[in-house]
Amino acid sequence: MSEEKLDKIKRQVCFKYKISMPTNIILLKAYHKLLKTNKIKKNIQLENLLKTRKVRSLSGIASVTVITKPYPCPGKCIFCPTEKNMPKSYLKNEPACMRALLNKFDPYKQAKMRLQALEMTGHPTDKIELIVLGGTWSYYKKQYQTYFIKRCFDACNKKTSKTLKQAQKINEKTKHRIIGLTLETRPDYINEKEIKRMRNLGCTRIELGVQTIYQDILDKNKREISLEQIKQATKLLKDSGFKITYHMMLNLPYSNIKKDEKMFEKLFTNDFQPDQLKIYPCAILKTAKLYKLYKKNKYKPYTINQLINVLVKIKKIIPEYVRIIRIIRDIPSQDIVAGSKRSNLRQDIQKKVNCRCIRCREIKDIKTNNIKFKKLEYKASDAKEIFLSFEDDKKDKLLAFLRLRITDNPIIKNSTLIREVHTYGQTVPINKNIESAKQHKNLGKRLINEAEKISKDLGYKKTAVIAGIGTREYYRKLGYKLENEYMVKNF
Ligand code: SF4
Ligand SMILES: [Zn+2]
């Protein structure tokens, strides 16, 4: 059944019974009720049609964002807002924050509520990317960190465990598996000890507050971070297999359009090379120190056209192995005193530039008969990164990719590191002949095989994956074993 056909049936039935059109959410709820009572049979096609915002779980992974309790941050950044009863830099009106407030920052309740909402709207919740936000994670007490993560695992396990380790063990085989865990912190808090701790918690991706890579601008904005610390944190994290997201801020005080553009050219050179980006234009909020500068006319935000032009230029130079997660923060416009209030900035820019970042190339229609294997190499933090992918080069779409790191300093000795494996949903062949169906199968597994082959050819004895807790079983089936919190395959 097509979407048009479903709409036609809805209209006919509503006309017949003289009722208003029900939303797909209401129909989906009714469908699940009937299914539970065995009054109808499961119909995956109908489920897919009724799902709202299909894009959200296109990759089959549901994101669950949870926020840590209000807590100070050691930073004094002048652009950073401070709201009462909120973790530093977060605002009450942002969607995930509203959910956190409603649940008094209880991690278990936040995760549970989000999971329920996803289930209710028909999204698969068997693979979860847990994203923990709120100020500087590394500054929270260790005991709180462990409690917080454990309770998130408990919520996914639908069971309270005694310890974090126990909760993780259960999660390896449970229905809602945490396949990725993101924490956000400052670069100057990253060291070997902290990395080990983050791995023990199950973390696979770090969001680093970088904002700018000009030392003088860092200093003038009171970031109290050195460029050396940013480089060092990036290297340490990559050599430990982590995926890295940089938060970058445009239009910072003491920067300008030229500097902002140049900054992004420099970002994709050896010392930095983030895997993902969150780009935020600086916004003036009443609770940030910057507000005073603005009042004294000492700071002026870019006009919307200037901002769009900068972003268009930036997008043109984004390498194809980088994913832009977002280019605007979910700040409600009424909170912004000055700066960009346009929430559909991404769409405005999209019209002007053909962005080749991962997000823009993720396959959406999941129908193709043209799958090509690609291998791209680049230098990052004094080591080699190999980006393997399956792509539809005619449509310029990405079906699956893998990040392999070849470094002299891997966290697991004598090993190459698989930092990320991602496939975009079950791709469906257009012609259902056997050859084309075969071509679409197990793209993730085929990339892993290729990475192993490259590692062997280079003389390595093993390869290690920074596997999320919920993917350990998958890797076990491929011959990997748990070693120091990594899944490792000995050749
Ligand atoms: S480090 Fe981050 S959270 Fe802390 S003050 Fe600076 S911007 Fe805000
Ligand atoms: Zn893009």
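**Exercise 1.** What percentage of the 491 residues in the protein chain is buried?

*Solution.* Start with the ground rules. This is a predicted model, where local features need pLDDT of at least 70 and side-chain atom pairs count only at pLDDT 80 or more, while totals for chains, interfaces and linings use all residues. Residues are numbered from 1 along each chain as its sequence is written, and chains are lettered from A and ligands numbered from 1 in the order in which they are written. Next, the term: a residue is buried if 20 or more other C-beta atoms, placed from the backbone, lie within 10 Å of its own. Buried residues come to 41% of the chain.

**Exercise 2.** Find how the protein chain is divided into domains, and describe the contact between domain 2 and domain 3.

*Solution.* Step one: the pieces are domain 1 (3-50), domain 2 (54-361) and domain 3 (372-490), with bounds from an automatic or database domain assignment. Step two: the centres of domain 2 and domain 3, over C-alpha atoms, are 25 Å apart. Step three: 32 residues from domain 2 and 31 residues from domain 3 take part in the contact, where two residues are in contact if their C-beta atoms, placed from the backbone, lie within 7 Å. Step four: on the domain 2 side, strand 3 gives the largest share, five residues. Strands here are DSSP runs (E, at least two residues), numbered from the N terminus. That side has seven nonpolar, 13 polar and twelve charged residues. For these classes, Ala, Val, Leu, Ile, Met, Phe, Trp, Tyr, Cys and Pro are nonpolar, Asp, Glu, Lys and Arg are charged, and the others, Gly among them, are polar.

**Exercise 3.** Locate the largest nonpolar core and look around I418.

*Solution.* A nonpolar core is a set of buried Ala, Val, Leu, Ile, Met, Phe, Trp, Tyr and Cys residues joined through C-beta atoms within 7 Å. The largest one has 108 residues, and I418 is among those with the most contacts inside it, along with C152 and L388. Both domain 2 and domain 3 give residues to this core, so it lies between them. Now zoom in: beyond its neighbours within four places in sequence, I418 is in contact with L402, L404, I448, A451, T463 and V465.

**Exercise 4.** Which residues are around ligand 1?

*Solution.* Look for residues whose C-beta atom, placed from the backbone, lies within 6 Å of the ligand. You'll get C73, G75, C77, C80, K88, S89, G135, T136, R186 and G209. Sort them by class and the shell has three nonpolar, five polar and two charged residues.

Technical notes. A residue is buried if 20 or more other C-beta atoms lie within 10 Å of its own, exposed if 12 or fewer, and partly exposed in between; C-beta atoms are placed from the backbone. Helices (H or I, at least four residues) and strands (E, at least two) are DSSP runs, numbered from the N terminus.
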